[in-house]
Amino acid sequence: MAFWLATAREGQETDWIQRFDPRFWTIDFPRPMMASVVASAPDALRVDAVFMTEGDLAGLIWSSEDLLDHPLLAYRTDRDYTGATLSFRWRSSGVVALDAVNGPTLTVEGRDAAGTARTWYVRLWNYAQGTGSDAQVSLPFRELAAGWAAYGEAVHPAAIDRLFISLVAPGYVAGSSTPLPAPAEAWVELTGIACTGARCILEIGDVVVPPHGLACATAYDDACNQTPQRLLRNLIGLGYRGSVLHYLGMSHFFRLSAQAGAFLVDPAAPAFCTPAVRWHRAYFAACTEAGLSPIASLSYELLAQHCPDAWQQRAHDGAPARTGWDPPSALLSPASSAAMAWLQKVGAAAATMLREAGAAVRFQIGEPWWWVDGQRRICLYDDAAKAALGGNPPVIADLAAPLTAPQKALLDQAGALLAASTAALRDAVRAAAAPQAAEVLLLSFLPTVLDPATPEALRANLPTGWASPAFDRLQLEDYDWLTAGKSALRRAAYALANDRLGYPPAEQDYLAGFVPAGREPDLWLAIDEGIDEAQARSAHEVFVWALPQVCRDGFVRLPTPQEDSPMQAFDDIAYPLALGRDATVIPEFSTSVSVTASGFERRNSLWSNARLRFDVGPGIRSELELGELIAFFRARRGAARGFRLRDPTDFSSSGMTGTPTPADQLLGIGDDVTASYPLVKRYGEGAEAQLRRITRPLAESVLVQVGSSVLATGWTLDPLGVVTFQTPPASGVEVRAGFLFDVPVRFAEDSLQVSGSSFAAGEAPSVPVVEVREAS
């Protein structure tokens with residue numbers, strides 16, 4: 001299906017919002033503190049924060065440039081605030097008061113009249129009326145002055161990049177990392193937010209992409225600085241419907257406490273910190289109101305700096321399991337009772353918030369596994385795991401090496417332990433949802449658990465204890481293989497997962513994505529093709545992973561208009577009559593020719609391949625054949641439906657009409673990765689040869705050769721003439737094929753004119769047929 005990477009609006013629908021619309025503020029803060037912002041009303045927002053150190057400072061931010069929304073939905077950049085006034089009622093608790101030293105300050109980042117980058121610090125109390133915790137604030141940008149007093153240096157309002165309202169806890173010490181005696185919770189509410197005067201309205205994208213049948217994924221780690229309402233606006237505007245897969249994350253949602261010089265997850269505290277509770281309640285409620293069904297996702301992963309040592313998976317030499325993220329995350333051991341109890345508490349809390357929001361309780365256990373590090377060491381040797389696996393389990397120093405029977409048995413034991421931990425998490429979610437039912441899904445990342453370099457890893461990381469009906473649905477992702485073009489590995493992995501776990505396609509979801517670096521069209525093309533493949537497999541639901549990449553790169557999935565579908569119809573049957581020698585065959589190109597004033601020509605070839613036209617009328621020899629033609633024409637609905645036609649002058653890979661051999665046409669050179677090779681035929685020699693895609697071969701005629709004169713086996717012929725191998729051909733070997741083929745065509749017109757008298761007099765009717773392009 002078509003997609004588009006939009007970079008900017010180009011005539012699409014727009015609307016207007018008030019500058020300082022609560023949905024578009026963000027919050028920023030340093031680790032280990034946590035804060036969130038929620039649009040609590042059309043003219044109000046609420047910030048919740050928990051301060052952990054004396055130096056923690058959060059900032060409530062309005063940016064003049066929208067760098068977070070999708071390009072088709074973003075608000076227009078306007079850095080000129082001259083003549084505008086921002087007003088709101090301020091209420092707060094737990095932060096330094098407006099009238100105190102270190103009280104909330106408006107930081108204005110921009111440029112002065114000379115264009116030099118500047119920052120001004122405006123004391124909010126100078127523009128407030130009321131008390132330090134309850135006041136009406138009015139900020140006329142033309143009259144703002146920096147400094148403690150209201151008569152300091154004037155702010156230049158015509159070139160502002162960003163506004164930043166600082167929030168600190170009582171006892172604030174700039175730059176200090178000393179832990180507070182206890183986490184300090186705080187909140188701030190801005191109500192009655194209004195922008196008046198000049199330039200108080202901003203243009204904003206108002207695109208609504210028709211629903212395209214895809215769902216989308218989000219993640220709290222990526223979006224905790226935004227309002228939930230902002231995310232939902234992008235999801236709905238971009239055509240995503242049905243489920244929203246929401247990863248709770250591994251770095252921001254939990255409560256921390258200072259322990260032995262670090263800030264670690266506190267298993268005795270509630271599962272979610274207050275800012276995360278406030279945000280998720282608003283997010284789940286907004287999803288439900290918008291008709292979307294949220295799925296809370298939880299992994300066995302935790303930011304390493306916040307993960308207790310005893311919870312972590314370890315390699316045989318004691319090295320902790322670490323992902324490649326920066327900063328890295330740790331993997332929780334399925335054998336650690338404390339770690340698993342904490343996961344169960346988190347799952348139960350998420351289920352409760354979903355239920356309270358009026359949503360169905362849906363929960364995903366995301367990528368649970370025993371970590372395999374870069375040296376292919378499996379990390380199942382933490383103290384809890386060793387105790388659960390017999391006390392002194394055999395060492396597996398390299399999972400890619402041949403394994404002994406005891407080592408394989410150890411992997412089976414580890415798989416059973418992993419399956420038991422996911423079952424306990426599933427049951428905890430269902431218990432928290434009761435009496436409401438809970439749908440529990442399990443996600444597996446196939447390129448890791450079915451890596452061909454570590455063939456026995458599936459014993460531990462795709463355990464048979466996950467087999468249907470252990471979970472309501474199986475979810476799979478394969479983006480490493482997908483974006484690398486490893487189609488053979490993908491197909492083999494899906495077949496293995498199907499056989500091992502037994503979930504039919506209707507009980508499987510597919511996660512497509514992601515693009516880590518940004519704006520890589522080739523990766524998005526592969527992802528889009530993976531989406532099409534999953535839909536062809538009849539997957540229950542297909543998710544795009546994830547919304548931050550969709551917005552960053554401007555990805556737009558374009559649904560096929562319903563009225564276009566019949567025009568693409570193709571009946572895979574042959575034209576029933578022989579063309580004969582009198583039939584007309586016309587190859588045509590499209591070339592634009594411009595003639596300069598001096599008579600020279602400039603030519604531009606618009607088509608890389610010829611398109612064929614035929615007139616099949618001269619082949620009609622009798623009234624019986626004429627009747628057969630009319631019946632065939634009517635069955636095709638005129639030009640609406642395609643069909644096969646044998647070109648009498650060119651239907652073989654060997655010359656034009658010769659007998660095919662497996663060495664006739666070079667399809668490509670093996671690279672140990674590529675498994676699919678489209679059939680092609682070359683016309684001419686060398687670099688100037690025309691390469692023609694063959695999409696309608698005669699299946700029984702196809703002969704394939706890989707690197708030798710021996711007929712190849714282990715391949716299938718996929719739709720549109722694609723030869724797909726079970727095992728990718730080796731690097732450097734030639735892949736060749738021979739075949740007979742037809743041309744995909746349609747009738748060129750919706751009418752067929754035949755005069756009985758002229759036909760009886762020997763005059764052949766004109767029946768034009770045109771080739772249909774099916775692949776580039």
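Author: Happy to. Let's begin with two helices: α4 passes α6 in a right-handed crossing. Please keep in mind that this is a predicted model.

Reader: Which residues do α4 and α6 cover, and at roughly what angle do they cross?

Author: Helix α4 covers residues 337-356 and helix α6 covers residues 405-433. Their axes come within 8 Å and cross at roughly 30 degrees.

Reader: Which residues make the contact between α4 and α6?

Author: From α4, the contact residues are M340, L343, Q344, G347, A348, A351, T352 and R355. From α6, they are S421, A424, L425, A428, V429, A432 and A433.

Reader: Thanks! Let's zoom out. How many helices and strands are in the protein chain?

Author: The protein chain has 14 helices and 43 strands. Its C-alpha trace spans about 105 × 80 × 55 Å along the principal axes. Of the 776 residues in the chain, 51% are buried.

Reader: And what share of the contacts join residues at least 24 apart?

Author: That share is 76%, counted among contacts between residues at least 6 apart in sequence.

Reader: On to the inside. How many residues does the largest nonpolar core have?

Author: The largest nonpolar core has 197 residues. Those with the most contacts inside it are F20, W90, F253, F272, L332 and W342. There is also a second, separate core of 19 residues, and L579, A583, F614 and I620 are among them.

Reader: Let me click on W342. What does W342 touch?

Author: Leaving aside residues up to four places away in sequence, W342 touches F253, F254, V265, P267, L302, W311 and L332. Two of those partners, F253 and L332, are also on the list of residues with the most contacts inside the largest core.

Reader: Nice. I like aromatics, so how many aromatic pairs does a search of the whole structure find?

Author: The search finds 31 aromatic pairs. One of them is W369 with F445, an edge-to-face pair at 6.4 Å centre to centre, with 75 degrees between the planes. W369 sits in the loop between β22 (361-366) and α5 (383-388), while F445 belongs to strand β23 (residues 438-445), so the pair ties together parts that are 76 residues apart in sequence.

Reader: Are W369 and F445 buried or exposed?

Author: W369 is buried, and F445 is too. Another pair to look at is Y479 with F514, which is tilted, at 5.1 Å centre to centre and 50 degrees between the planes. Y479 is in helix α9 (residues 479-483) and F514 is in the loop between β25 (508-512) and α11 (521-536), so to speak a link between distant parts of the chain, 35 residues apart. Y479 and F514 are both buried.

Reader: Which residues form one aromatic cluster?

Author: F20, F24, W25, W62, Y75, Y81 and F141 do. F20 is also among the residues with the most contacts inside the largest nonpolar core.

Reader: Which arginines lie over the face of a ring?

Author: Two to show you: R537 lies over the face of Y510, 5.3 Å from the ring centre, and R636 lies over the face of F632, 4.5 Å from the ring centre.

Reader: What is phi of A260 near?

Author: Phi of A260 is near 50 degrees, a positive value in a residue other than glycine. Most residues other than glycine have a negative phi. A260 lies in the loop between β17 (256-259) and β18 (262-265), and at 88% relative accessibility it counts as exposed.

Reader: Last one: how far apart are F570 and G642 in space?

Author: They are 4.3 Å apart, C-alpha to C-alpha, although 72 residues separate them in sequence. F570 lies in strand β28 (residues 570-574). Beyond residues up to four places away, F570 touches G642, F643, R644, R696, P744, V745 and E774.

Methods: Residues are numbered from 1 along each chain as its sequence is written. This is a predicted model: local features need pLDDT of at least 70, side-chain atom pairs count only at pLDDT 80 or more; totals for chains, interfaces and linings use all residues. Side-chain values use heavy atoms; hydrogens and water are left out. A nonpolar core is a set of buried Ala, Val, Leu, Ile, Met, Phe, Trp, Tyr and Cys residues joined through side-chain atoms within 4.5 Å. Buried means under 20% relative accessible area, exposed over 50%, partly exposed in between (1.4 Å probe, protein chains only). Contact means heavy atoms within 4.5 Å. Rings of Phe, Tyr and Trp (its six-membered ring) pair if their centres lie within 6.5 Å; planes under 30 degrees apart count as stacked, over 60 as edge-to-face and the rest as tilted. Helices (H or I, at least four residues) and strands (E, at least two) are DSSP runs, numbered from the N terminus. A charge sits over a ring if NZ of Lys or CZ of Arg is within 6 Å of the ring centre and within 35 degrees of the ring normal. Axes are lines fitted to C-alpha atoms, for helices over the stretch in contact, and angles run from 0 to 180 degrees between N-to-C directions. A crossing is left-handed if the near helix is turned anticlockwise from the far one by less than a right angle, and right-handed if clockwise.
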